[in-house]
Amino acid sequence: MAQVSSEQNVSGPMDPEDDSPNMIVYRKIEDIITKMEDDKAGGVPIRTVKSFLSKIPSVVTGSDIVQWLLKNLSIEDPAEAIHLGSLIAAQGYIFPISDHVLTLKDDGTFYRFQAPYFWPSNCWEPENTDYAIYLCKRTMQNKARLELADYEAENLARLQRAFARKWEFIFMQAEAQVKIDRKKDKTERKILDSQERAFWDVHRPVPGCVNTTEMDIRKCRRMKNPQKVKKSVYGITEESQTHSPVHTPTQVLKKTTKDDLRKQITFLNVQVDRHCLKMSKVAESLISYSDQYFEYDPLLTPPEPSNPWINDDATFWDTESSKEPSQQRVRRWGFSLEEALKDPAGRDQFLRFLESEFSSENLRFWLAVQDLKKQPLQEVADRVQEIWHEFLAPGAPSSINLDSHSYEITSQNVKDPGRYTFEDAQEHIYKLMKSDSYARFLRSSAYQDLLLARKKPDNEQGRRTSLEKFTRSMGKSLTAKRLTGLMQSS
């Protein structure tokens with residue numbers, strides 16, 4: 001590992017501008033990492049571990065890292081050492097070899113040190129083209145351990161659409177790098193693959209993980225100097241503006257005039273007026289939302305028969321998931337279309353209403369697209385074609401009404417199918433249902449009958465009770481008359 005790191009450390013001297021808070025932190029972390037990797041000075045033991053039919057080279061365990069931090073940094077609390085190690089891992093200096101989540105665990109989990117070439121102190125700000133080359137290269141290597149995750153496959157499809165014009169160039173770059181990688185030793189290639197993967201886990205993290213580069217002070221500093229040339233991950237030099245400073249003639253900075261300041265003030269005033277929102281309006285909106293959902297929060301309004309959040313009785317949840325909705329659930333459908341579609345019973349009732357209006361294809365298309373997003377990746381392409389032929393293709397049996405712009409975008413997306421191929425079409429259909437069909441559904445007799453369903457049985461029972469009382473009283477009076485007549489006749 002030490003040899004690999006020394007060979008990879010090809011970065012030049014640090015920029016004098018890099019006395020930023022981030023660089024100060026990076027240097028301190030790198031001092032710790034350097035001492036960890038130094039076996040002669042009591043560093044963390046780096047070893048090759050034998051696994052089933054294979055070997056895992058240049059790894060350390062999480063417990064070894066924690067013990068080293070406790071011993072060499074005078075830390076007394078193990079939790080503090082784990083926290084410090086997790087902060088170091090979040091910046092990509094150490095990473096787990098079998099997981100994409102950059103945290104430190106105090107157990108036998110195997111970790112590997114990042115090569116200095118990929119350290120954040122090199123001031124790289126990777127571009128989407130770099131990420132596209134990396135993902136494209138992964139697909140060419142065709143190995144189980146390098147197979148793309150679902151979110152990476154979606155990112156690759158999205159990048160391929162975005163860089164359609166220069167995708168051939170990206171593909172050639174990836175192909176050239178694969179050829180170079182194949183010439184390397186198998187063990188070295190395995191280590192470098194994991195280090196490159198860890199680099200992108202920092203800059204393009206797994207959904208749900210914190211992106212440590214999102215609020216980067218160095219990026220804010222670079223925004224003040226847009227002419228600075230950025231270095232790419234793969235050694236390609238790119239400029240932050242359309243025109244390269246190398247080919248742009250040197251221009252003398254123009255002094256700011258009063259007219260420039262007036263224009264800037266006018267622009268800022270327009271922006272302030274445009275985005276200004278009174279606090280009273282925000283408060284009113286929040287209060288109305290809270291009032292609307294107050295009785296639907298089981299922690300604020302005790303539900304019947306009991307609150308499942310504070311006891312073991314799950315009757316309330318069973319009632320909420322039943323196909324026979326309560327009056328409270330039916331009222332909630334009237335809050336928004338989203339509430340109606342979230343409830344299976346509300347979704348079924350809305351579908352029946354659309355069938356009565358001969359427009360059920362809109363909701364069926366929306367549900368099919370929702371289901372497409374949950375399909376396994378290998379089944380997505382076939383499912384996209386099924387949805388296209390059923391709802392959008394010329395002569396489709398359940399043709400939906402799309403505007404020309406959404407139809408054109410969807411037609412292009414179908415050529416490169418993915419889980420979000422019909423995103424524009426689905427959004428258009430949702431707005432159409434919300435503005436037209438949903439409003440009529442709330443006014444329909446079917447919804448109004450459901451809304452009053454809880455009151456009807458009580459009224460009917462009251463009517464039956466009064467009728468029974470009247471019948472009984474009439475029966476008693478008739479019986480009394482008959483008895484009187486019999487007594488008189490006798």
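**Exercise 1. Which helices do the buried residues of α15 pack against?**

Before we start: this is a predicted model, where local features need pLDDT of at least 70, side-chain atom pairs count only at pLDDT 80 or more, and totals for chains, interfaces and linings use all residues. Residues are numbered from 1 along each chain as its sequence is written, and side-chain values use heavy atoms, with hydrogens and water left out.

*Step 1.* Find the helix. Helices here are DSSP runs of H or I with at least four residues, strands are runs of E with at least two, and both are numbered from the N terminus. α15 has 13 residues and reaches 19 Å from its first C-alpha to its last, close to the 18 Å expected at 1.5 Å a residue (that is, 1.5 Å times one less than the number of residues).

*Step 2.* List its buried residues. Buried means under 20% relative accessible area, exposed over 50%, and partly exposed in between, with a 1.4 Å probe and protein chains only. In α15 they are A345, G346, Q349, F350, L351, F353 and L354.

*Step 3.* Look for contacts, meaning heavy atoms within 4.5 Å. The buried residues of α15 pack against α13, α14, α16, α19 and α20.

**Exercise 2. Work out which residues have the most contacts inside the largest nonpolar core.**

*Step 1.* Know the term: a nonpolar core is a set of buried Ala, Val, Leu, Ile, Met, Phe, Trp, Tyr and Cys residues joined through side-chain atoms within 4.5 Å.

*Step 2.* See who supplies it. Helices giving at least two residues each include α15 (344-356), α16 (360-372) and α19 (423-443).

*Step 3.* Zoom in on L363. Skip its neighbours within four places in sequence, and L363 is in contact with L341, R347, F350, L351, L354 and M433.

**Exercise 3. Find the order of the four strands in the open sheet.**

*Step 1.* Strands pair if DSSP finds at least two bridges between them. The order comes out as β1-β2-β4-β3, with antiparallel pairing.

*Step 2.* Check the edges: β1 (47-51) and β3 (94-96) each pair on one side only.

*Step 3.* Follow one pairing. Three bridges join β3 to β4 (residues 110-113), and in β4 the bridge partner of P96 is Y111.
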